[in-house]
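Hi,

Here is the structure I promised to send over. Have a look at it first, and then read on for what turned up.

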Amino acid sequence: MPRASSKRKSRPLNSAPAAKSSRVDSSSSASRKALSKVRQLVDSFFESYVNKSLGMIDPEGIEALCLDLQVDHTDVRILMLAWKMKAEKQGYFTQEEWRRGLDALKVDTISKLKKSLSNLEKEVSKPENFDDFYMYAFRYCLTEEKQKCVDIESACVLLDLVLGPKYRSQVEYFTKYLKSQKEYKVINKDQWLNFLRFCQEISFPDLENYDSDQAWSLILDNFVEWMKSKAS
Amino acid sequence: MVLHKFGEKLYSGLVGTMTLHLQEMAKTIEAAQGNLFLEELNRKWNDHNKALQMIRDILMYMDRTFIPSNRKTPVHELGLNLWRDNVIHSSKIQTRLLDTLLELIQKERTGEIINRGLMRNIIKMLMDLGSSVYQEDFEKHFLEVSADFYRAESQDFIECCDCGDYLKKAERRLNEEIERVSLYLDSKSETKITNVVEKEMIASHMLRLVHMDNSGLVNMLIDDKYEDLGRMYNLFRRVPNGLPTIRDVMTSHLRETGKQLVTDAEKLKDPVEFVQCLLNEKDKYDKIINLAFSNDKTFQNALNSSFEYFINLNPRSPEFISLFVDEKLRKGLKGVSEEDVETILDKVMMLFRYLQEKDVFEKYYKQHLAKRLLSGKTVSDDAERSLIVKLKTECGYQFTSKLEGMFTDMKTSQDTMQGFYAAYAAELGDSPTLVVQVLTTGSWPTQPSITCNLPAEMSALCEKFRSYYLGTHTGRRLSWQTNMGTADLKAIFGKGQKHELNVSTYQMCVLMLFNSADRLSYKEIEQATEIPSSDLRRCLQSLACVKGKNVLRKEPMSKDIGEEDAFFVNDKFASKFYKVKIGTVVAQKESEPEKQETRQRVEEDRKPQIEAAIVRIMKSRRVLDHNNIIAEVTKQLQSRFLANPGEIKKRIESLIERDFLERDSSDRRLYRYLA
């Protein structure tokens, strides 16, 4: 998707530089041989899930992968994996993406991948990565061409998945609000980002330091009003 | 003696002799009884002065030589000082003098006549002795005693007088004191004594006076008591915070009255009456400020801000003002001189300026103007145009360009009709006369275009017109607005009564059906004419249920129209007029649902205006924070309407979504313009 990639160009890249550095050593033939061996493993790992006619891993393949990882396919760690791969299309992994991701994680077998997942989680929750992951999650849901918004239902599921662990209370109330209001039928990127800032900056649930004269999205102004009216 | 170096002896001799002499004088003065005291003092003073003059003349040489070189007080001055020390400041005289003077002034204040000439001389004496003597021995005490006097008097007055009377009394006292100063006191005392009066009589009681029941400021305003108000203005002007007090009370009263006016349900029933009341109120206060408050600008401003406040309390004010104008332009200004027309229009403009939602006014004005133009019901074209010019001057070209377009369309249509009849003269001889107004879609208020089935004669004629018009204006599309037309029908009723009926196009379609049928049910009429049902019901009601205009008869005779109702021509129709008007194309106060619809359309129209303002501002500023955008947008749109911050925020978000703007990545409150 050309549009998605152009967006990515403007983003400050703060993930996955690690992949290259670890491989830049002396160009001795020994290391080159080691490199190609790893590559082979990664590629054959890829082969075990690939859809041959498509040339990439499809949803079925991902499900199989999840089974082998003993992780539910709706688990957030799969999303994190997709993030690490910078996968563009939801439900599919291309070979390039696969290689990128596994190289960055420094794994080449299923068991190593499984072990690396907890590290991946830690990596994602680091402040310098989390924002990027959060925005990635939103973009990952824009499955249609030129789609700019995510419907409320899906947005709630995604929020729960991605922000739930960190901001359980905010997510619960906000998703409840989203489902009860009628004005907005979709969430756009700006509102999505605003919500993260909201969780990061506003004290909850007292909402003491919230100022509706500031540039918070209108949907959040309405959310705060809703919270306040429920409290009284 | 001076020449012989005996200056010192001479001088001290002088001092001594004079002192003794003065002490003698003092005793005489002290001995004087009662009223004669002052006279005696005065006489002795005059004597002393004469003597002093002589002495000075005699001792002139000493005055000029010995005294300056030995730094002694000059003779004349010496004489005065000795007088002061030995007479005025003598223990028995000093107090008595002061008391006598004050007593006399007190007498005068209570209405007695006193010897003013004597007073003048004595006071002059004190002044001659030096300003410090005047002040210490007289003025200081005079002011204190006066303050006590006026404090007590004002207390008495305020208990028993009403506001107007009190102010009269205060004014009188003030003038009295000014007169007193000019007659026998030092002119420098004027400000000081007037300050005392002002403080005691006015400043201390300001609030009580203003708020006095039944006679205070509010009552004066209500009863147009120009004289009393003027007096209050002039008196209060003299004290600190006096005018602001009047202004504040006037403002809050005006706002209260205004608020009641605009929320009075009775008044709201008649928009023209409503606006007339507003104009009357404005005239009233203009007059008060002119006659009583000497056109004080700060009061004018208070008046303007009050009007702005309460006019906008009622969201229907823009609509009502437009209806007022409509009434005037349709009939109210008939036979009125050009000058008076201008005056009324200027007054309307003044109310217009107070409106916050000028765009709502524009919408209604357009609607009402359209109706006026199309029904040909305007009293004076000049008056219409004059008002448009005034609106243009106030709001700029954009506001009025569409309105002017409407006038142009009317004129052009006339020319088109002439061309049409010229071209088709032969064919159209027998046909009904058709008058078409071709309206340019963008200029006129938007209408949903619904057509109905016109009677055969009409539709043939309309088709001829259509082909004529499109022949000369290729590429245009014409759609008949059957809901806005009128028709004149000649009718002959059962008993031979002949009438000319002026009806709407819809009504014409219905009536023409009866040329070929005696009885028609509602359903049949609906099918034949294809007029939308709500319009059809209204149309039938106006034809069958209104006394004096019931050219049709309905069975059953109820007021509402049922699906199965039957209609007949009313053979017994009677009217004393040959021409009967049944059409309903006159501008009226909107019904609740119509009002909601207009309001919604206005809100919709505002969205692009807000967005345009945001884009304009961001284009020039490039980066701007949230609060500043809101402020600037509001300011830019102020001349049309008051922009809601929430709505502005929504528009900003919409622009972000459409990639016109973006948020700054580090400071969430900043927006950037995306080229």
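Which helix of chain B holds B:Q135? That would be α8, which covers residues 131-160 of chain B. Before I go further, please keep in mind that this is a predicted model.

Staying with B:Q135 for a moment: is this residue buried or exposed, or something in between? The glutamine counts as partly exposed because its relative accessible area is 34%, and the range for that label lies between the 20% and 50% cut-offs. If you skip the neighbours within four places in sequence, B:Q135 is in contact with B:K140 and B:K192.

Which of them gives the largest share? It is α19(B), with three residues. With a relative accessible area of 46%, B:D381 is partly exposed. Patch members need over 30% relative accessible area, so B:D381 clears that cut-off at 46%.

In chain A, the bond from A:F204 to A:P205 is cis, and its omega is near 0 degrees. You will find A:P205 in the loop that runs between α11 (189-201) and α12 (218-231) of chain A. In chain B, B:E555 and B:P556 are joined by a cis peptide bond too, with omega at about -5 degrees. Here the proline, B:P556, is in the loop between β4 (552-555) and β5 (566-569) of chain B.

B:N241 has a phi of about 70 degrees and lies in the chain B loop between α13 (226-236) and α14 (242-263). B:N241 counts as exposed because its relative accessible area is 52%, where the cut-off is over 50%. B:D659 is also not a glycine, and its phi is positive at about 65 degrees. Look for B:D659 in the loop between α29 (645-657) and β8 (661-663) of chain B. At 43% relative accessible area, B:D659 is partly exposed.

Last, a quick overview of chain A. How many helices and strands does chain A have? There are twelve helices and two strands, and along the sequence they come in the order α-α-α-α-α-α-α-α-β-α-α-β-α-α. Chain A has 232 residues, and 46% of them count as buried. Of the contacts in chain A with a separation of 6 or more, 67% are between residues 24 or more positions apart. Its accessible surface is about 12500 Å², and carbon and sulfur atoms account for 53% of that.

Cheers

Conventions:
Residues numbered from 1 in each chain as written. Chains lettered and ligands numbered in written order. Predicted model: local features only at pLDDT ≥ 70, side-chain atom pairs only at ≥ 80, totals over all residues. Heavy atoms only, no water. Helix = DSSP H or I, 4+ residues; strand = E, 2+ residues; numbered from the N terminus. Buried < 20%, exposed > 50% of the residue type's maximum accessible area, 1.4 Å probe, protein only. Contact = heavy atoms within 4.5 Å. Areas by Shrake-Rupley, 256 points an atom, 1.4 Å probe, with all protein chains shown as cover.
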